[in-house]
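Q: Hi! Could you walk me through this model before I set anything up?

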Amino acid sequence: MKNDKKGKRLVSRRAALKGIGAIGALGFLGSKTSGGKEEIPTTADLTSHSSETRKKIFQKVFETVFIDTHEHLPDESYRLSESFYSYGGRSDDWTIIFSHYLCSDMCSAGMSKADWNSFFSPKIDPLKKWSLLEPIWPFIKNTGYGQAVCIAMKELYGVDELSAKTVGKVQAEYEKIRRPGFYKRILCDLAKIESCQVNSGDGFRQSNMPRLLMQDIGIVGMLAGPELSLSKPTGVKVTSLSDWHKVIDWWFNKYGKYAVAVKSQNAYSRNIDYEKVPAEKVEAIFKKRLKGQSLTVKEQKALEDHLFWYAVNKATEHHLPVKLHTGYYAIWGELKPRMPLSRLVQNPGAATDLCRMSPETRFVFMHICYPYYEEMISIAKHYTNAYIDMCWAWIINPIAAKEFLKKYLVTAPANKILTFGGDYSPVEPVLGHAAIARRGIALALSELVEEKWLSLDDALELIAPIMHGNARNIFNLGEKEKLLSGVKW
Ligand SMILES: [Zn+2]
């Protein structure tokens, strides 16, 4: 990448268009080709003015780097190791790019559990797996999850359409690409991502790619109470709540300066309605947990509430924003749909309580709380300490994400929106997700100009901040980069 006159980070147009490849920017402009010659669109809505607008906006969006604020990527060396595949019985073949999140749509489309398990099993010949997918493929290939995977297959493997004929090529190319250096190639060279922010589970992971794969401190395990994987590295023997506080302190004292944020996906099991419960009220509950006794729902909530605020206060002392999952649920391995909308609908209301209870904490509400995104715009508009992260949203519902961004930009301050996080464990579909996000951002801005809500200059000026500038400010990335550059774990 290079710096332009204003110091904004741009990649060269040639490099950007090379990165976009077959799904290139021109494809998104509504242009069509005839005999290899490009034609200007003639549809009524694409007047010469709006077409010029689109060209300028699409070009700039596709040239501008992303800071990717949410991923679950393992380190490249781990992804390439045998232990990655033996853990959980993952298969090292083309189906891994379906394993997160398209596997959810496979389940909801009605694939049987037996077929689903065989599809992802390392014991089945990769080429025979197509016949398991074929009956439902037409129903899932057009969803955001499906499109992200299709774009990745097209860009990485040169395959336009997955079929019995092409599955061999997909497998061969998968093997060719999955080699040392493929993270940098996919994330930096092709998807134009400057750095990612990775949630690696509980605690903090010492990445061996520390500047590319920056890390959050995962706090869900801290909220649950004594957890050996968290206490063991600290050397603290946990016999009381105050010992557990020491464990939490250790993680923040050791890794707070290297982490970009803290992250909790506790909303997968409860609402984010955390009350400030004093330590003395949960001392006895903690002891029960230590003895392995089961807690009532009320006791568990009180303990989690107390520990949430303990961890959030630590994060705030260490100037770390607090990223919270809100909204939609993925379907995981057990294949049991379990999303209670009656709970999710309460997330925005609880989010406003958090903002009020701790005005000095910066809360990053993730995934636009889909499908309750209109409410999240009102929260960012009202609360200084509320930030909204569009991570995952572009592939849950690309059109809702575009509408969200359009509405957000004419409603709430533009310095509090983060527009991209791939939210993937396999690296390959991040490329597809980034392309869908760039398309959505460019469409949202183009429509705002065409509808005369924004001037073209104002729309162009928003691109760098919403794609990387806000993330640099909110997560203090200048300082983190310096610290991580010379880090020796
Ligand atoms: Zn996630």
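Q: Great. What should I know about the model and its numbering before we start?
A: This is a predicted model, so to speak of a local feature we need pLDDT of at least 70, side-chain atom pairs count only at pLDDT 80 or more, and totals for chains, interfaces and linings use all residues. Residues are numbered from 1 along each chain as its sequence is written, and side-chain values use heavy atoms, with hydrogens and water left out.

Q: How many helices and strands are there in the protein chain?
A: The protein chain has 25 helices and 12 strands. Helices (H or I, at least four residues) and strands (E, at least two) are DSSP runs, numbered from the N terminus.

Q: In what order do the strands of the open sheet run?
A: Eight strands make up the open sheet, in the order 5-6-7-8-9-10-11-12, with parallel pairing. Strand 5 and strand 12 are its edges, each pairing on one side only. Two strands pair if DSSP finds at least two bridges between them.

Q: Which strand does strand 5 pair with?
A: Strand 5 is joined to strand 6 (residues 193-198) by four bridges, and the two run parallel. Within that pairing, E71 stands opposite V198 in strand 6.

Q: And is strand 5 enclosed or open to the outside?
A: Six of its six residues are buried, so strand 5 is largely enclosed by the rest of the structure. Buried means under 20% relative accessible area, exposed over 50%, and partly exposed in between (1.4 Å probe, protein chains only).

Q: Further along the sheet, how many bridges are there between strand 7 and strand 8?
A: Three: strand 7 (residues 213-218) and strand 8 pair in the parallel sense.

Q: Switching to the metal. Which residues are the protein donors of the zinc ion?
A: H70 (NE2), H72 (NE2) and D423 (OD), lying 2.1 Å from the zinc ion. Donors are N, O and S atoms within 2.8 Å of the metal (3.2 Å for Na, K and Ca); water is not among the atoms, so sites may look incomplete.

Q: What about the nonpolar core: how many residues does the largest one have?
A: The largest nonpolar core has 163 residues, and F98, L133 and F365 have the most contacts inside it. Helix 23 gives the largest share of this core, 13 residues. Such a core is a set of buried Ala, Val, Leu, Ile, Met, Phe, Trp, Tyr and Cys residues joined through side-chain atoms within 4.5 Å.

Q: What does F98 touch?
A: Leaving out residues up to four places away in sequence, F98 touches C103, M106, F119, F120, L133, W137, V149 and L162. Contact means heavy atoms within 4.5 Å.

Q: How many aromatic pairs does the structure hold?
A: It holds 30 aromatic pairs. Y101 and W392 form a stacked pair, because their ring centres are 4.9 Å apart and their planes at 25°. Both Y101 and W392 are buried. Y258 and W489 form an edge-to-face pair, with 5.1 Å centre to centre and 75° between the planes. Rings of Phe, Tyr and Trp (its six-membered ring) pair if their centres lie within 6.5 Å; planes under 30 degrees apart count as stacked, over 60 as edge-to-face and the rest as tilted.

Q: Are Y258 and W489 buried or partly exposed?
A: Y258 is buried, with a relative accessible area of 15%, whereas W489 is partly exposed at 37%.

Q: Last one: which ring does the charged end of K276 sit over?
A: The ring of W309, 4.7 Å from its centre. R90 likewise lies over the face of F84, at 4.0 Å from the ring centre. A charge sits over a ring if NZ of Lys or CZ of Arg is within 6 Å of the ring centre and within 35 degrees of the ring normal.
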